[in-house]
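This briefing is meant to be read with the sequence and the coordinates at hand. Please look through the structure below before turning to the points that follow it.

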Amino acid sequence: MIKEVGVTLVELMITLLISALLVSIAVPSFAHLVKRSKANGETNKILDVLALARSESIKKSQVVTLCKSLDQTECGGDWRDGWILFVDRNKDGRRDEGEDVLTSGKMEQGFKLSYRAFGSSNHLRFTPMGFTLSHNGTFKICPADNDPRYARVVIISKTARTRLSRDADGDGIYEDASGKPLVCP
């Protein structure tokens, strides 16, 4: 006698119900992982350009300036528009004719960038010794939806050392340099 193998409608419905339940649990966790990964990627862009600025100022024995740029060729606009890094021969914090652009960039995926400093919030200059020119400050990266769980801060000292914000209290929101939870606009 041949035995037929199959599944009943009840067994199929239970399998689909369990699968749907597992997917509904996994999707939000995966979305959180993707958002966190994007936030970390955008933060790494800032860390990379600051490291490049420091190394190029030392290597070229020149002042190197990082400034906000609307068009990635001249200084101006807003940090969220982008930035340029250039050799600042006359040390004025603005790119003039003949001053070479070393790199340019901008935030992707709707992230917003702002910079606050004790000197100028328009630019950051690095000396031939690799220090900032009396600037210490904070770059803040915020996601498009302003969710503070995905906001990050890069803190730069006068010696051009960078450090990242942390979630010291484990509440899922990183803190700024003074220990206060990050808030996006």
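Predicted model: local features only at pLDDT ≥ 70, side-chain atom pairs only at ≥ 80, totals over all residues.

Along the principal axes, the C-alpha trace spans about 95 × 35 × 25 Å.

**Confidence, surface and contacts**

- The mean pLDDT of the protein is 90, and 98% of the residues reach 70 or more.
- Among the elements, confidence is lowest in α1, with a mean of 89, and highest in β2, where the value is 97.
- Of the 185 residues in the protein, 33% are buried.
- The protein exposes about 11,100 Å², and carbon and sulfur atoms supply 58% of this area.

**Aromatic pairs and a charge over a ring**

- A search of the whole structure finds 3 aromatic pairs, and two of them are described here, both involving tryptophan 79.
- In the pair of tryptophan 79 and tyrosine 115, the ring centres are 5.7 Å apart and the planes stand at 65°, so the pair counts as edge-to-face, given that planes over 60 degrees apart fall into that class.
- Tryptophan 79 lies in the loop between β1 (64-68) and β2 (83-87), whereas tyrosine 115 belongs to strand β4 (residues 112-117), so this pair ties together parts that are 36 residues apart in sequence.
- Tryptophan 79 and tyrosine 115 are both buried.
- Tryptophan 79 also forms an edge-to-face pair with phenylalanine 139, at 5.4 Å centre to centre and with 90° between the planes.
- Phenylalanine 139 is located in strand β6 (residues 137-142) and tryptophan 79 in the loop between β1 and β2, so the pair ties together parts that are 60 residues apart in sequence.
- Phenylalanine 139 is buried, as is tryptophan 79, and Trp79, Tyr115 and Phe139 form one aromatic cluster.
- Elsewhere in the model, the charged end of arginine 152 sits over the ring of tyrosine 174, at 3.9 Å from the centre of that ring.

**Glutamate 56 in the helix**

- Glutamate 56 has its place in helix α1 (residues 9-60), and with a relative accessibility of 9% it counts as buried, the limit for that class being under 20%.
- Not counting residues up to four places away in sequence, glutamate 56 touches Ser61, Val64 and Leu102.

- Lysine 106 is placed in the loop between β3 (101-105) and β4, and its relative accessible area of 42% makes it partly exposed.
- The C-alpha atoms of lysine 106 and aspartate 81 are separated by 6.3 Å, although these residues are 25 apart along the chain.
- Leaving aside neighbours within four places in sequence, lysine 106 is in contact with Lys45, Gln72, Asp81, Gly82 and Trp83.
- Glutamine 72, one of these contacts of lysine 106, is found in the loop between β1 and β2 and is partly exposed, with a relative accessible area of 22%.
- Phi of glutamine 72 is near 60°, which is a positive value in a residue other than glycine.

**The loop between β6 and β7**

- Proline 143 is found in the loop between β6 and β7 (152-156), where it is buried, with a relative accessible area of 6%.
- Leaving aside neighbours within four places in sequence, proline 143 is in contact with Gly110, Phe111, Lys112, Tyr150, Ala151 and Cys184.
- From C-alpha to C-alpha, proline 143 and proline 128 are 34 Å apart in space, while in sequence they are 15 residues apart.
- Asparagine 146 also lies in the loop between β6 and β7, but at 26% relative accessibility asparagine 146 counts as partly exposed.
- Phi of asparagine 146 is near 60°, again a positive value in a residue other than glycine.

Terms used
Residues numbered from 1 in each chain as written. Heavy atoms only, no water. Phe/Tyr/Trp six-rings, centres within 6.5 Å; stacked < 30°, edge-to-face > 60°. Helix = DSSP H or I, 4+ residues; strand = E, 2+ residues; numbered from the N terminus. Buried < 20%, exposed > 50% of the residue type's maximum accessible area, 1.4 Å probe, protein only. Lys NZ or Arg CZ within 6 Å of the ring centre and 35° of its normal. Contact = heavy atoms within 4.5 Å. pLDDT = per-residue confidence, 0-100. Areas by Shrake-Rupley, 256 points an atom, 1.4 Å probe, with all protein chains shown as cover.
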